[in-house]
Amino acid sequence: MSSSAEAVVKKRAFGQTMRRDAWWKVPVAVFCGLSAFIIYSTWAAFQGAHYTYGPYLSPFYSPELFGDSPHAWFGPKPGIWPGWLPWSPSFLILWAPAGFRLTCYYYRGAYYKAFWADPPSCAVGEPRKFYRGENSFPLIMQNVHRYFMYIAVLFIVFLSIDVWHALWFEDPDTGVKSFGIGVGTLVLTLNVVLLGGYTFGCHSLRHVVGGFLDQFSRSPSRFKVYSCVSCLNKRHMLWAWMSLFWVGFTDLYVRLCAMEVWTDFRIL
Amino acid sequence: MRYRAEQCVHSRFLLLSEMSKTTFRIWRGDREGGEFRGYETEITEGMVVLDAVHQIQAESAGDLACRWNCKAGKCGSCSAEVNGMPKLMCMTRLSDLPLDEPVTVQPMKAFPIIKDLITDVSWNYRVKKKIKKFKPRPPDAEDDTWRMAQEDIDRVQEFRKCIECFLCQDVCHVLRDHDLHDEFIGPRAMVYTAALEMHPLDTEDRTEELRKAYGIGYCNITKCCTKVCPEEITITDNAIIPLKERVVDDFYDPVARFLKRLGRGKAKAETEAPAAKPD
């Protein structure tokens, strides 16, 4: 029943808050997780080597449009590629999944907080007063997300074809291909499953398959698809992180097998 | 190891089976200014922050202003910031708070203070009036009313749970930190717009307003509004992002815009066709 007066801070500076919990933990974890992935994937993309092993193809290099491996669609590096520009088959395709994740609604919210502190966390003071949001350039470009989504869906098809190829192992002596399952096959399969869970739970996909409708009852099939996408969308963040980790690990697995650091065990 | 962890939890979140004294730091003041004042009161098992505030009112601060009504999380009156997070005081159990330090209670930051814990939330009602009204299609049932399928109404039903506590408006950094009340209508008004825009009977188009007057582009999807909603409405994923996508349809995606116009043209042709038959 005692009463005492204290001075109060009126203006909130960067990071200032009355919150008692460890609000900084999530943005720091997101910062570390995304930074680690960006550094590793950039390094892996620049390598241009050790991205295939037997029937396996690293997802960072799939589809391999031009390249030296047997997975390449159109043969070796195109002659028109400028000599002064570094070359890697992944340069031709990696922009698509990168753009999909960069403009993803979940990642946007996460990296605005973790990398730009806008805000650092809920009810925590921000470093700058000026704010334009996604109203003007450059962030208005985030609205292109659905086009990246269309490409990402195509990539799921390509990666699924890679899994099919990963089921056929070539005998080095006879050159005959036979059905088999290696640990790498399972790694590639799980990669498609997780990327599929992430891609098919996309907010933009949810909208284009039926979310734009006001009357689902007029399109029962659309409603079913919308319900499936909504179901995946509920755990979009989880799918986003699991698929991000696993796609990086899949590349690492193929890379280390190709470098003969790891051995790919055959199950069948 | 486990025993030590349990001990740690017990010392931080005190067991309230017996009466114990806890200190509250409550904001006292008005528009001109104010300060946090410390109050000590006895708390018992089952108490919520609002109970403690009422007890302090009765014991030592009879002039402490606090808005409340149902004490059941349904009226949305007792919104405040407890330990820095926007919460309903009546739904915040003291057993969930660390009581080894004073519990801080202050008014919502995004709105002008009237007195102590009471803020002027009238801006929210003015904003709501700006939103284009419900415009139902002509009645199409035999009894001159409408029929709606359950799957059509399920989606907007979620938005009807809103109790207008304005915690989402308070936590939104666009309003809270950047004070863009003239440019952005905030999460609550977005939920209201979504309820109208996605309603199976509604025929009004609000995408132009969403883009400009309602300022949907200011939302950068931090999901803080969803986090603080006491009714657990998935504000960002189910209301704001679908509205953003509708704005994309109309203004940023040329293919979608073309298809939408084509669809509208078809619908118009279909509605006009029966009228032409008698001639």
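**Group meeting: loops, a helix and an interface**

Okay, let's start with Pro138(A), which sits in the loop between α3 and α4 of chain A. Keep in mind that what you see here is a predicted model. Now, what is the peptide bond from Phe137(A) to Pro138(A), cis or trans? Going by the model, that bond is cis, and omega is near 10°.

Ala123(A), found in the loop between α3 and α4 of chain A, is not a glycine, yet has a positive phi of about 60°. Glu260(A) also isn't a glycine and has a positive phi of about 60°, but you'll find Glu260(A) in the segment after α8 of chain A. So which of them is buried and which is exposed? Ala123(A) has a relative accessible area of 4%, so it counts as buried, as the cut-off is under 20%. Glu260(A) comes out at 70%, so it counts as exposed, where the cut-off is over 50%.

Next, a helix. Please find α1 of chain A, residues 25–47. α1(A) has 23 residues, and from the first C-alpha to the last it reaches 33 Å, close to the 33 Å you'd expect at 1.5 Å a residue. Several of its residues are buried, including Pro27(A), Val30(A), Leu34(A) and Phe37(A). Ser35(A) and Ser41(A) are on that buried list as well, as are Ala44(A) and Ala45(A). What covers them? Among the covering parts are α3 (105–114) and α8 (236–258) of chain A. After α1(A) comes Gly48(A), with a positive phi near 65°.

Let's hop over to chain B and look at Asp140(B). This residue is in the loop between α3 (122–130) and α4 (150–157) of chain B. At 47% relative accessibility, Asp140(B) falls between the 20% and 50% cut-offs, so we call it partly exposed. Leaving out residues up to four places away in sequence, Asp140(B) touches Thr145(B), Trp146(B) and Arg147(B). Its side chain also makes a polar contact, at 2.8 Å, with the side chain of Arg137(B).

Last stop: where the chains meet. How many residues take part? The contact takes 66 from chain B and 49 from chain A.

There are also five salt bridges across this interface, plus 29 residue pairs in polar contact. One salt bridge to look up joins the side chains of Asp253(B) and Arg146(A), at 2.8 Å, N to O. Helix α10 of chain B, residues 235–252, gives the largest share of the side that touches chain A, with ten residues. By type, that side of chain B has 24 nonpolar, 16 polar and 26 charged residues.

That's it from me, thanks!

How values were computed: Residues numbered from 1 in each chain as written. Chains lettered and ligands numbered in written order. Predicted model: local features only at pLDDT ≥ 70, side-chain atom pairs only at ≥ 80, totals over all residues. Heavy atoms only, no water. Contact = heavy atoms within 4.5 Å. Salt bridge = Lys/Arg side-chain N within 4 Å of Asp/Glu carboxyl O. Polar contact = N/O pair within 3.5 Å; in protein donor to acceptor, adjacent residues only side chain to side chain. Helix = DSSP H or I, 4+ residues; strand = E, 2+ residues; numbered from the N terminus. Nonpolar A, V, L, I, M, F, W, Y, C, P; charged D, E, K, R; others polar. Expected span 1.5 Å × (residues − 1). Buried < 20%, exposed > 50% of the residue type's maximum accessible area, 1.4 Å probe, protein only.
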